[in-house]
Amino acid sequence: MQKVKSSSYLQSVKPLLKTLLARALETYPYASILAVDSEANMYSVSSNVTSMGENGRLAGRGFVIKAYDGQAYGEYSFNEISEDKIDDILEHVKEVVALKDCEGVESLSQYQILADEPCEFCESTEYEVGPEELGDEEILRRLTALRDRCVAYDESVIDGSASVNYQKFSKLFLSPNRDMEQNVMWTNGNIRIVVKKDRRVKNSGQGFSKLGGIELLDTMGEAIEKVGKDAVDLLDSEPMVPGEYDCVCTPPVTGMIAHEAFGHGVEMDMFVKDRALAKYCVGQYVASPMLTMHDGASMQAKLETATYFFDDEGTLSTDTVIIKDGVLQTGISDAQSAMSLGTVPTGNGRRESYKRKAYTRMTNTWFEPGHDKVEDMIASIDYGFLLDNASSGMEDPKNWGIQMMVNIAREIRDGKLTGRIFSPIVLTGYVPDLLKSITMMSGTAELCGSGMCGKGYKEWVKVSDGGPYIKAKIRLG
């Protein structure tokens, strides 16, 4: 195993950043600087197109300086630093901090000074094979081989694709008492198969992810058989008859439920704005007593694509138990939301980039496993469905309503899979009703971080979610 290396660029400008911080602290009782150097590339091969290039959303270099004047905080982002630019940067900081006093700006609550306990470290995640070691040409060759295997799966296949992308980032956080550095790399991929029968065209895919390097390519081929079978089965799929059914959810569907049904609802910047019903339900049963839910970027939690050592406000990562034995314990928060609510920040203050503000954002969100066997869960259902291949979802945190899309529902009758398949599927309902209906959970949990989550002005950050197979009563349409 290898460790992700520090950014030579950030190391070269660190003395200038320390000078900038010292100058800011001559005026302000608190100031901090976040410095980011991120490399991100994506590769894709389909039957018609081979492409590679930089992922502009995730790649870039830049800085955010935050200053506190005793009442409010102001931030200024920039992407160049030199000795002769420091005065100009400080002038911009002065302007943004002074905005609170402008005519027409609503009066702000007086914030406290951020906690700044001493902390110094330099930490890196591990990987087996770096993208630069394998090289662009070899990465595309392996993706082409995967694509060819997808196309060869069945005579009904009209297209196959394979893709992989990664981000390798270094971040520095400097404050009066903190000097922290983290170097992290994650990789994710996808394979997809498109099939046609008469005039019906269907497709199925699977995502892959890990906290690590391009070695992820070595495991992607293992899923081609399942993806191909799912795609072919979908050619004979039937429309769902709306109703409430006993369902067994695969880990990807469980993960979407964790993310949509209760993840967004406990982001505590929504508590501050009074836009989340969860604010009034802490200490109450909101789920089955067998359910415990986590969110956390900590290395002691689940190692996935949203794992890091500190967030974009300099708060150390944690493992937050949101629900324990069915009872809502707490939410997740950025530093200033926690300050407003009188709670402790959980290390969930995240930015899409140095150009964007920090919001409370999920990281690795998951349900703990139980003790049941999947075959026993299926056998326990007189009539219902095995739900698989989650695609998308949304939640209304203020009213706890959810709507999620799943591509595959396999019919279960008298405790056995019949072979009939229904698609597409919409899951709807009231969050506590769904979570309280959980009666069985398998003995292992799986997470996947192949997607991203949008919030605010559609800022996107990397997340993962998952859990065990679960049995629940769910409204399908």
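The entries cover strand pairing, then one valine, then salt bridges.

Entry one. I noted that this is a predicted model. I started with strand 21, residues 425-430. Its covered face holds Ile 425, Leu 427 and Gly 429, while Val 426, Thr 428 and Tyr 430 sit on the uncovered face. I found six bridges between strand 21 and strand 19 (residues 401-413), paired in the antiparallel sense. Strand 27 (residues 470-476) also runs antiparallel to strand 21, joined by two bridges. I then checked Thr 428: it stands opposite Gln 403, and it also stands opposite Arg 475 in strand 27.

Entry two. I looked up Val 64, which lies in strand 4 (residues 60-68). Is Val 64 buried or exposed? Its relative accessible area is 4%, under the 20% cut-off, so Val 64 counts as buried. Beyond its neighbours within four places in sequence, Val 64 contacts residues including Ile 33, Tyr 76 and Arg 351.

I counted 32 salt bridges. One of them joins Glu 117 and Arg 178 at 3.5 Å, N to O. Glu 117 is in the loop between helix 2 and strand 6, and Arg 178 is in strand 9, 61 residues apart. Glu 117 is partly exposed at 46% relative accessibility, whereas Arg 178 is buried at 12%.

Lys 171 and Asp 312 meet in a salt bridge at 2.7 Å, N to O. The two are 141 residues apart, with Lys 171 in strand 8 and Asp 312 in the loop between strand 12 and strand 13. I noted both Lys 171 and Asp 312 as buried.

Definitions and conventions:
Residues are numbered from 1 along each chain as its sequence is written. This is a predicted model: local features need pLDDT of at least 70, side-chain atom pairs count only at pLDDT 80 or more; totals for chains, interfaces and linings use all residues. Side-chain values use heavy atoms; hydrogens and water are left out. Buried means under 20% relative accessible area, exposed over 50%, partly exposed in between (1.4 Å probe, protein chains only). Helices (H or I, at least four residues) and strands (E, at least two) are DSSP runs, numbered from the N terminus. Two strands pair if DSSP finds at least two bridges between them. Contact means heavy atoms within 4.5 Å. A salt bridge is a side-chain nitrogen of Lys or Arg within 4 Å of a carboxyl oxygen of Asp or Glu.
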